[in-house]
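Subject: A structure for you to explore

Hello! I am passing a structure on to you, and I hope you enjoy looking around it. Please open it next to this email as you read.

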Amino acid sequence: MSVDEDARWLEWVTKQFETIAGDDKEIDIDEFKTALKVRESFFAERFFALFDSDGSGSISLDELLKALNLLIHGDETDKLRFLFQVYDVDGSGSIDPDELRTVLKSCLHESAISLPEEKLDDLTLVLFESADKDNSGSITFEELKAELENFPEVMENLTISAANWLKPPDLEQKKPHTPRYLTRAYWQNNSRKLLFLCLYTLLNLLLFVAAMLYHSYGGGWFMLAKGCGQCLNFNCTFVMVLMLRRCLTWLRTTWVVRILPLDQNILLHQIVGYAILLFTLVHTVAHVINFARMSESSEFSLWEYLLTTRPGIGWVKGTASVTGVILQLLICLMVVCSSTFVRRSGHFEVFYWTHLSYIWVWILLIIHCANFWKWFVVPGLVFLLDKIVGIAVSRMGGLYIVEVNLLPSKVTHLVIRRPQFFQFKPGDYIYINIPVIAKYEWHPFTISSAPEQSDTMWLHVRSMGQWTNRLYEYFRQPERQVVCPKRLATSLRKRRLQGKQQKDQMFLSSDSERAVASSQDDTIELTMFRQNGSQSRSASNSESHMESPPEEPGLGERGEVPPLREISAKSGENHMFCNIKCYVDGPYGTPTRQIFASEHAVLIGAGIGITPFASILQSIMYRYRMRKHNCPNCSYSWCENIKDSDMKLRKVDFIWINRDQKSFEWFVSLLTKLEMDQADGEPEGQFLEMHMYMTSALSKNDMKAIGLQMALDLLAKKEEKDSITGLRTRTQPGRPQWEKVFQKLSEENKGKVHVFYCGAPALAKVIKAQCEHFGFNFYKENF
């Protein structure tokens with residue numbers, strides 16, 4: 001560091017110290033724990049003891065500067081010496097197995113990882129045996145240093161939270177760079193959307209100018225109002241066209257998908273909605289000003305022009321002003337209640353019901369404007385036909401929820417009996433109505449089972465709002481909600497279940513996993529029961545609430561009394577069989593339909609956003625197995641590197657980012673099965689490569705986690721499976737370093753890379769920027 005940087009660092013640390021220490025100018029153990037923000041007091045106490053060089057029970061500014069100077073400016077040997085002293089609890093100069101176990105246990109708590117005591121013992125022994133080169137029964141400093149040299153990435157930036165927190169922010173001069181929206185890569189990756197928006201803007205401009213010129217006789221404000229009115233005629237019709245899901249799903253199968261941005265229909269729908277709000281406001285303001293000028297020379301006042309029919313303005317009994325005021329209020333209400341804040345704050349029903357006022361908007365527009373019906377008649381008929389088909393589809397097949405599994409993090413796994421006529425593509429979604437939960441509400445969810453699974457289809461619903469919470473609670477406490485008038489039949493059924501209870505309990509108490517095979521050879525084996533029978537079918541992912549506006553309520557509803565709810569909890573309290581009526585509308589296509597047309601697909605799911613990829617991965621591996629061949633004379637197997645109309649994929653990278661350990665349980669059984677499908681070595685490497693990240697776990701270069709991550713690496717290599725998920729793929733701590741990840745993908749040269757993402761919008765921006773930098777195509781699911 002230069003003299004100026006060192007002075008700035010000293011000033012920063014002093015300021016931070018004064019903030020922590022308070023009036024006594026000393027940091028005690030409680031203040032140190034608070035500042036360090038550690039979960040486990042072990043590390044706080046060990047760091048405090050090493051910082052407190054004079055053993056006074058408090059840390060002075062000089063002691064803090066001395067310790068931080070070592071951690072920030074010291075060389076690798078200095079940092080390793082500090083780490084060794086943390087591990088050497090008794091100060092004997094060596095680390096024994098019990099000390100190492102204590103450290104690793106604290107590391108687990110810091111990283112929010114839960115493992116059984118037996119697994120902790122295995123981690124301790126594998127790390128101890130690897131580091132204890134001379135088999136002396138203890139680890140010396142030199143042995144620890146030699147062991148850490150096997151992990152070069154750790155040595156690059158070995159530090160602790162206090163050092164990072166007290167390190168001043170970088171004041172590097174920001175290099176001037178071209179704005180992202182002006183780069184060539186951005187325009188190439190968004191060419192269809194940008195071209196469409198340009199044409200859309202040009203069309204609105206032409207309509208606006210033409211209407212103004214046609215009404216030039218009425219003055220400036222009148223011309224402005226008419227120009228905006230003509231744009232509203234177009235936009236209030238076009239906003240409906242963008243949500244004709246059945247038509248858009250069909251268009252995805254045609255050549256039109258290569259020209260029009262069909263995958264951006266939700267975004268375009270939102271843009272048109274904001275344009276309607278803008279045109280409405282300008283249209284209203286222009287008319288108000290024009291009415292104010294007219295009232296000066298007319299017998300009618302301004303309020304009569306605005307709120308009465310007396311002036312006779314409008315083609316239906318002079319109602320143009322009154323309907324205009326109502327339209328202004330309805331449109332503002334719809335736009336406000338469609339905001340992300342409302343939809344994602346647990347008030348999805350507010351968005352749902354207010355958005356249904358589009359019916360009243362169209363009715364009022366027909367009354368308000370004499371020419372609107374001419375714009376509306378053809379799209380309106382298509383919309384009506386789409387609704388009629390939706391009602392017919394939802395009525396056919398008599399769908400029932402036959403099985404329910406309650407998974408960690410309040411995820412409800414629904415198994416629905418699939419009708420023979422119901423055909424869908426991987427990644428498609430449906431709208432579902434469950435009368436016993438809410439009679440008139442329809443909600444969209446991704447189908448998480450593969451099309452090749454012919455007997456049932458799966459939905460995974462995470463509790464994020466009122467409806468999803470009611471769904472979870474309905475199955476979590478079935479005894480409070482089952483009302484069965486057939487008392488004797490119920491009693492007999494219970495007695496028969498009790499006769500099998502002991503056998504079932506013995507079966508469910510085992511820790512092994514059971515795969516449920518389908519009746520056909522081409523059906524993927526997906527379902528596994530894990531952990532004392534309480535987490536059955538954790539093979540899939542979770543709910544995906546889509547941002548698209550909901551369907552009209554009541555599709556398929558006839559006011560029927562729902563069928564008797566029969567629940568059998570013989571497979572455990574979190575796994576039950578039932579027979580509950582439901583209605584389904586769909587399926588509808590998503591951007592993921594482009595996966596099979598790409599050569600190198602990268603699937604990125606963040607937490608709950610993994611849902612679309614469950615169906616996709618199953619279908620990909622099914623098609624992959626269809627191309628795989630086995631030698632009749634030996635056990636050698638290989639996969640032909642062919643390109644066909646069904647699947648052009650040469651490589652699939654699957655990246656899953658989760659906050660905590662429990663979330664992996666939604667999907668781990670399926671991933672285990674997919675790993676088994678490609679266990680044999682292949683000349684060109686793995687077809688499906690998985691990358692797991694757990695963001696709550698501390699990274700390898702943090703002193704509070706380095707021992708644990710080393711032990712996990714060693715044990716995974718020894719047992720050929722990860723201790724956190726049970727997969728062969730090692731779970732990586734922290735967040736991905738996207739630049740390195742995408743650089744590796746670019747170097748693989750498996751063809752054009754297409755990145756498919758589903759998850760938080762903030763991360764989507766980061767990934768999209770990287771895609772534009774490397775020239776990858778980016779697709780985002782609108783959930």
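First, the background. This is a predicted model, where local features need pLDDT of at least 70 and side-chain atom pairs count only at pLDDT 80 or more, while totals for chains, interfaces and linings use all residues. Residues are numbered from 1 along each chain as its sequence is written, and side-chain values use heavy atoms, leaving out hydrogens and water.

Let's start with the sheet. Helices (H or I, at least four residues) and strands (E, at least two) are DSSP runs, numbered from the N terminus. Two strands pair if DSSP finds at least two bridges between them. You will find an open sheet of 6 strands in the order 15-14-13-10-16-17, with parallel pairing. Its edges are strand 15 (731-733) and strand 17 (777-780), each of which pairs on one side only.

Strand 13 (residues 651-658) is joined to strand 14 by 7 bridges, and Phe654 stands opposite Met690. On to strand 15: there are 3 bridges from strand 14, and Tyr693 has Gln732 as its bridge partner.

Next, the cores. A nonpolar core is a set of buried Ala, Val, Leu, Ile, Met, Phe, Trp, Tyr and Cys residues joined through side-chain atoms within 4.5 Å. The largest has 88 residues, and Leu603, Phe654, Phe667 and Leu671 touch the most other members. A second, separate core of 43 residues includes Leu207 and Phe208.

Leu207 and Phe208 are also among the buried residues of helix 12, as are Leu194 and Tyr200. How far apart are the end C-alpha atoms of helix 12 (residues 191-214)? They are 34 Å apart, which agrees with the 34 Å that its 24 residues should span at 1.5 Å a residue; the expected span is 1.5 Å times one less than the number of residues.

Finally, how many disulfides does the structure hold? There are 0, a disulfide being a pair of cysteine sulfur atoms within 2.5 Å. Cys107 is buried, at a relative accessible area of 0%, and Cys337 is buried at 9%.

Happy exploring!

Terms used
Buried means under 20% relative accessible area, exposed over 50%, partly exposed in between (1.4 Å probe, protein chains only).
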